[in-house]
Amino acid sequence: MLQKLREKTSGWLAFVILAAVSIPFAFFGINNYFETRTETFVAKVDEAEITPSEFRVRFERYRDQVRQMQGDAFDAEYFEQATVKREMLDAMIDEEVLAQAAARSGTLVSDERLREEIAKIPAFQGMDGKFDQGQYRQRLAGQNESPASFEERVRRDLSLRELPSQLAASALVSDAELDRFVTLRDQKRDFRYALVPRQAAEVEPTDVEIAAYHESHKDEFMTPEQVALEYIEVDASKLDAPPALDEESLKQRYEEQKSRFGQAEQRTASHILVKVDANADAAAQKLAQAKAAALAEEARGGKDFAVLAGASSDDLGSKSQGGDLGAIERGTMQPAFEEALFAMQPDAISDPVRTDEGYHVIKLREITPEKIRPFDEVRVELEKEYVDGEREREFLEISGELIDKVYEDPNALAPAAEAMKLELKRTPLFGREGGEGIAANPAVIRAAFSDRVLVEGGISDAIEIGPNHLVVVRAEEHKPRVVRPLEEVRDEIVARLKDEASATRTEALAKDLRTQLDSGAPFDEVAAKAAATVETADGIGRTALNLDAALIAKAFALPRPAAGKPTRSVVELRKGDYALVELSAVVDGEPSKLTAEERTRARTELQQGVAAVEGRSMLGALRAASEVQVAEDRM
């Protein structure tokens, strides 16, 4: 849609811009622009560059996915951190390192693997959940992509995963290693623990302490950055409806578009493809044609067409289906193929048909005639399409004129709104997490906080926020981040200082308890001094969910008790509480008690762990061997 707007941008301004651009070339010559090259990459792996635009697209996609998942809990400021951006960039660098390694190693993806991967894509499956060749070709045709180019793209993506997959497959685990793994994985421990809750701190921070805390933690008491926008909106759905069409005009439109209202003629076909490059020499072309002609003769001679296709076709998508292409309508295949197919009779076998992919031998299996809905049934639909089309036409005209007006005065929206009699609207102040109305749209949020709008005070490009629905925005008010005054955050600071005092007191108590345990004091006696109740936990595994994870981790980190003497320690829990821990017994897992099925699962689990470690090691080695340059200032 925006492309149509650009096409409508015209007038004296376009000629002025063109003339201005032409002047440097006229005086200095085009060569001067190519004598030096300014580096613009955000990262570079050997000679391959990751451009700022590639990084921004990937990062914005990631941010939008998180925004959709988290909803109101989304924290926009988190994504402004340099560490978060660097993590994404490192992931892109790792992908490029793997891609180059795969290319150097000549990693190949088999035809069978490619077929299986494509067949698993839901968009290419029929109602029965199975791969549908006709749907596959129609979907690709709708995206202006040939099966050959799509299959090449999928093959490349698979090759990126092939090295890690091969590494995982080669991870070997001996029986002795498996036994040791099961011994540790299934280990159970008996221990006692006593919870020491957070100690209350009877303190009242002074004004001096409060002020000092405020001064030293300014970054934690900042107001969020906010912006209010003024904007012009053009929405086709809100434009006045055009005059209604008379009955005769509607009928004329129906006759002109009749083929749309029903199922066009379909031809169910199978084929055998003999591939040959379009630029191949005459000898190769003749050889491929001869092979296709021979296959056609075999089929006409009574040989099963599906068997021939499975054995001889070069079409990866259909050969395993016996060459089945499903139901085909006009406009979904190459012209030569369709011309031959729609001239055939059922059960006929074609002569070789040349397309960009090679030579096809076609078998027509069934013809389904067209079925067209009558005028009375589609009248309302035609009328609505007419209204929508007229609104879209008017939308494009208004939008094109608006863009021209904005270009005339790129620092103010009011003149454009006044000249075109469009309403100049305003949003309330909102932050980087977005607001209401158009301020909830991710593209509008990005534009609002862009340098062009926020720093330079300019007007955004046209932002498409829906079908035939766009806005142009300008920052009307900007509130930068500022430190909140002391009195506004006083209560929060007091709560923090009291919490810190409580944490300090609890930590001191925990250290004292640890000292008593280390000196040999009885566990129950130490727990009693802390007013903590002793609890027993027997037969606890590593993945137990009924106890604090930090407590379990500490229990499994303690050394085995020796000669009946328990081992003891103190651990900090998640909420700032502490726990005394006393380990009394360790019972190892018993590999001999596993069934064959359980042992197989355990081996797979260990292999996956080994493969993950080796994969990280391999990636680290590949990256170390590559020349990686990063320009963090361009992220």
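**Figure 1. Glu225, in the loop between helix H9 (207-216) and strand E4 (226-235)**. In this predicted model, residues are numbered from 1 along each chain as its sequence is written, local features need pLDDT of at least 70, side-chain atom pairs count only at pLDDT 80 or more, and totals for chains, interfaces and linings use all residues. Side-chain values use heavy atoms, with hydrogens and water left out. Helices (H or I, at least four residues) and strands (E, at least two) are DSSP runs, numbered from the N terminus. Is Glu225 buried or exposed? Glu225 counts as buried, at 15% relative accessibility. Buried means under 20% relative accessible area, exposed means over 50%, and partly exposed lies in between (1.4 Å probe, protein chains only). Contact means heavy atoms within 4.5 Å. Leaving aside neighbours within four places in sequence, Glu225 is in contact with Phe430, Gly431, Arg432, Phe449, Leu454, His478, Lys479, Pro480 and Arg481. Ser318 is 93 residues from Glu225 along the chain, and their C-alpha atoms are separated by 57 Å.

**Figure 2. Tyr578, in strand E16 (residues 578-587)**. Tyr578 is buried, with a relative accessible area of 11%. Which residues does Tyr578 touch, not counting residues up to four places away in sequence? They are Ala194, Leu195, Val196, Thr506, Glu507, Ala510, Val570, Val571, Glu572 and Leu573. Now take Ala169, 409 residues from Tyr578 along the chain. The two C-alpha atoms are separated by 44 Å.

**Figure 3. The largest nonpolar core, with 23 residues**. A nonpolar core is a set of buried Ala, Val, Leu, Ile, Met, Phe, Trp, Tyr and Cys residues joined through side-chain atoms within 4.5 Å. Val42, Phe55, Leu89 and Ile93 have the most contacts inside this core. Four elements each supply at least two of its residues: strand E1 (43-45), helix H3 (52-70), helix H4 (82-105) and helix H22 (596-625). H4 gives the most to this core, with 9 residues. Look at Phe55. Leaving aside its neighbours within four places in sequence, Phe55 is in contact with Val42, Lys85, Met88, Leu89, Met92 and Met635. In soluble globular proteins, nonpolar side chains tend to be buried together.

Figure 4. Most residues other than glycine have a negative phi. Asp347 lies in the loop between helix H14 (335-341) and strand E8 (353-354). Asp347 counts as exposed, at 56% relative accessibility. Where is Lys421? Its place is in the loop between helix H16 (414-420) and strand E11 (424-426). Lys421 is exposed too, with a relative accessible area of 77%.

**Figure 5. Gly457, in the loop between helix H18 (451-455) and strand E12 (463-466)**. Gly457 is partly exposed, with a relative accessible area of 27%. Leaving aside neighbours within four places in sequence, Gly457 is in contact with Asn411, Arg452 and Arg474. Gly457 and Arg474 are 17 residues apart in sequence. In space they are 7.1 Å apart, C-alpha to C-alpha.

**Figure 6. Ile121, in the loop between helix H5 (111-119) and helix H6 (133-142)**. Ile121 is partly exposed, with a relative accessible area of 27%. How many residues separate Ile121 and Arg616 in sequence? They are 495 residues apart, and 29 Å apart in space, C-alpha to C-alpha.

**Figure 7. The whole protein, with 22 helices and 17 strands**. The radius of gyration is 36 Å, well over the 26 Å that the globule rule gives for 635 residues, so the protein is more spread out than a compact globule. That radius is taken over C-alpha atoms, and the globule rule is 2.2 Å times the number of residues to the power 0.38. Along its principal axes, the C-alpha trace spans about 100 × 75 × 65 Å. Buried residues make up 37% of the 635 residues. Of the contacts with a separation of 6 or more, 73% come from residues 24 or more positions apart.
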